[in-house]
Amino acid sequence: MALTAVALVMGAAAGILVVAGRGRRPLVVSSETTTTTAATTTTTAATTATTATAPSTGPTTTAPAPPAGLRTGATGPEVTRLQQRLAGLGFWLGAADGVFSAVTAHAVVAFQKLAGLPPDGIVGPDTSAALEAAGPPRPRSSAGHELEIDLTHQVLIVADGGAATAVLDVSTGRVAGTTPTGRFTVTRQVDGYDHSPLGVLYRPKYFYRGVAVHGYPSVPPTPASHGCVRTIDAAMDWLWSSGAAPIGTAVWVYR
């Protein structure tokens, strides 16, 4: 997969350096083919017969080409290279197995959010160009281990010593203020489904009253929760298995 850099932009809040380009789809023109048979005249001594064939016009319709780019359902070496590139930048997606799954799509969305691109989960020309030139995201913290929740870009950054070790796609409170900003710590966790006042939460890690980072079936690219920090179940499983967010972990929520 060729990735071409075109123009330079800066992901301001998260400090990600990317090059984004505007790709153009191939222009599909419906052509109209005209075939003309010239009039033919046959003449005999006493009788003149003229046979004329009228021009015939038959339109040729070309079906619109599907949008270019890798997306959910794609498989093969190009997908593996994409996954390796995302993982190399710190975007969590599990194994680079050559299958463009929903997990890979969420990693693409997290990258697009920080790069200032439409978060559609499709790797088209602009996303390809940005991936080609991107550097790892930079967390705001410069030391220690903590979870950073960026409300502006809707991502969670696992920060260690000023470096992003993992970036997850998240969705926070759809009403401003329901996801509190400030510095907190993980104070309680439930290894399973927790029936809370804010809904049924998968393996939640609470950091402020009833507000937690938790798994959820629906993680849209925009704020949609009652105040919690939603991520996909697979990412929540990784937060548990990796030991990235035990009780006592610092949590920094900012815009």
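1. The largest cavity is lined by Trp92, Leu93, Val103, His106, Ala107, Ala110, Val167, Leu168, Asp169, Thr231, Ile232 and Ala235. A cavity here is a set of points, on a 1 Å grid over the protein atoms alone, where a 1.4 Å probe fits but cannot get out, and lining residues have an atom within 4 Å of a point. Two elements, α2 (102-115) and β9 (163-169), each give two or more residues to this lining; helices (H or I, at least four residues) and strands (E, at least two) are DSSP runs numbered from the N terminus.

2. This is a predicted model, in which local features need pLDDT of at least 70 and side-chain atom pairs count only at pLDDT 80 or more, while totals for chains, interfaces and linings use all residues. Residues are numbered from 1 along each chain as its sequence is written, and side-chain values use heavy atoms, with hydrogens and water left out.

3. Helix α2 supplies the largest share of the lining, four residues. By class, the lining comprises nine nonpolar, two polar and one charged residue (nonpolar: Ala, Val, Leu, Ile, Met, Phe, Trp, Tyr, Cys and Pro; charged: Asp, Glu, Lys and Arg; polar: the others, Gly among them).

4. The axes of helix α1 (residues 77-89) and helix α3 (residues 125-133) come within 10 Å and cross at roughly 50°. Helix α1 is therefore oblique to α3 (angles under 35 degrees count as roughly parallel, over 145 as roughly antiparallel, 65 to 115 as roughly perpendicular and the rest as oblique).

5. In the contact (heavy atoms within 4.5 Å), Leu82, Arg85, Leu86 and Leu89 of α1 meet Leu131, Glu132 and Ala133 of α3. These contact residues divide into five nonpolar, no polar and two charged.

Methods
On a 1 Å grid over the protein atoms alone, a cavity is a set of points where a 1.4 Å probe fits but cannot get out, and a pocket is an open set with protein on both sides within 12 Å along at least five of seven lines; lining residues have an atom within 4 Å of a point. Axes are lines fitted to C-alpha atoms, for helices over the stretch in contact, and angles run from 0 to 180 degrees between N-to-C directions.
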